[in-house]
Amino acid sequence: SESFDSRSIVWFGKYKNVSSICDFENGDTIIKEIECKDRVFNVDITFKEEDIKKTLNDNCTYLGIQTCKYFVQDIYSMESLICNVKFEKENGNFEKGSHSLTLWVFFTLRILLMVVINTGFNISDGAASTITLKEHSTYALVFFVGKVGGLFPNWIVGPIVDNVSFGTDYRNCLTDSVVAVNDFKVPFFIQDAILIIVIIFAFFFLDIEIKKPEKKLSIKEEFTWLLNPAPIG
């Protein structure tokens, strides 16, 4: 494994509660891992109170935390490389929100979204089949045009996310840098507007009649195909 020169450290910082103070305590700062870009160093670096030259604190009102920066050298360069560190017992780290809650909320909303999307696909497929029969065309042509049209949103959404934002970026008080957050509000607003236009156009301007199946299947019959390995494979 690669070695890390502890003498190259200019300062280290911690995230703390807003009500806490930044007084340095011996034995409370043991660095176990340092990550610089794509390189990870496993270390065991301990700083003592006499090593601290200066202490700076700052309140990150946006994140609701306080940052404590401890300088171990008097020299500070703006070109210094800022690395991520892990302290023993995760002391000084910062987490906001609940990872498990976020996972399950996303999982639930994702299921609901896929149910709605699949329902929309089934309705649109039925409408497309009806229109192709009236226009003496083929569903393959409609499917091909739909797939080609599906390529363009990817080229459009990328530049929008990279350049259009509603001010979700925030300042990291510890590194004194602006953290850019990808804002997907604009693409979703555009998508919702397009869906509303499509619904209005299909409801008022298209003459579509989707034939219902002669026999209505039960819920058990609807999912019987899952027991057949052929469509799954």
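This report describes the fold, sheet, core and ring contacts of a predicted model.

## Basis of the model

The model is predicted: local features need pLDDT of at least 70, side-chain atom pairs count only at pLDDT 80 or more, and totals for chains, interfaces and linings use all residues. Residues are numbered from 1 along each chain as its sequence is written, and side-chain values use heavy atoms, with hydrogens and water left out.

## Overall make-up

The chain contains six helices and eight strands. Both kinds of element are DSSP runs numbered from the N terminus, helices being H or I with at least four residues and strands E with at least two. Along the sequence the elements follow the pattern β-β-β-β-β-β-α-α-α-β-β-α-α-α.

Of the 233 residues in the chain, 19% are buried. Here buried means under 20% relative accessible area, exposed means over 50%, and partly exposed lies in between, with a 1.4 Å probe and protein chains only. Among contacts between residues at least 6 apart in sequence, 58% join residues at least 24 apart; a contact means heavy atoms within 4.5 Å.

## The three-stranded sheet

An open sheet is formed by three strands in the order β1-β5-β4, with antiparallel pairing. Strands count as paired if DSSP finds at least two bridges between them. The edge strands are β1 (11-16) and β4 (54-60), each of which pairs on one side only. From one strand to the next the twist averages 20°, where axes are lines fitted to C-alpha atoms and angles run from 0 to 180 degrees between N-to-C directions.

Seven antiparallel bridges join β4 to β5 (residues 65-71). Cys 60 stands opposite Ile 65 in β5.

## The β2-β3 hairpin

Strands β2 and β3 pair in the antiparallel sense over six bridges, and Ile 34 stands opposite Phe 41 in β3. The hairpin has two residues between its strands. Lys 37, in the loop between β2 and β3, has a positive phi near 55° although this residue is not glycine. Its relative accessibility is 69%, so Lys 37 counts as exposed.

## Nonpolar core

The largest nonpolar core has 16 residues, and those with the most contacts inside it are Phe 12, Ile 31, Ile 34, Ile 45, Phe 47 and Tyr 70. A core of this kind is a set of buried Ala, Val, Leu, Ile, Met, Phe, Trp, Tyr and Cys residues joined through side-chain atoms within 4.5 Å. At least two core residues come from each of β2 (30-36), β3 (39-46) and β5.

Leaving out residues up to four places away in sequence, Ile 34 touches Phe 4, Ile 9, Arg 39, Val 40, Phe 41, Val 43, Ile 45, Cys 83, Asn 84 and Val 85.

## Aromatic pairs and charges over rings

There are ten aromatic pairs. Rings of Phe, Tyr and Trp (its six-membered ring) pair if their centres lie within 6.5 Å; planes under 30 degrees apart count as stacked, over 60 as edge-to-face and the rest as tilted. Phe 12 and Phe 24 form an edge-to-face pair, 6.4 Å centre to centre with 65° between the planes. This pair links Phe 12 in strand β1 to Phe 24 in the loop between β1 and β2, twelve residues apart. Phe 12 is buried at 3% relative accessibility, and Phe 24 is buried at 13%.

Phe 12 also stacks with Phe 47, at 4.8 Å centre to centre and 20° between the planes. Because Phe 47 lies in the loop between β3 and β4, this pair ties strand β1 to a part of the chain 35 residues apart in sequence. Phe 47 is buried, with 8% relative accessibility. Ring pairs link Phe 12, Phe 24, Phe 47, Tyr 70 and Phe 87 into a cluster.

Lys 14 lies over the face of Phe 87, 5.1 Å from the ring centre. The charged end of Lys 54 sits over the ring of Phe 71, 4.9 Å from its centre. The criterion is NZ of Lys or CZ of Arg within 6 Å of the ring centre and within 35 degrees of the ring normal.

Thr 132 is in helix α1 (residues 99-134) and is buried, with a relative accessible area of 6%. Apart from neighbours within four places in sequence, Thr 132 contacts Ser 137, Thr 138, Tyr 139 and Val 142.

His 136 is in the loop between α1 and α2 (139-149). Its phi is positive, about 55°, although His 136 is not a glycine. With a relative accessible area of 75%, His 136 is exposed.
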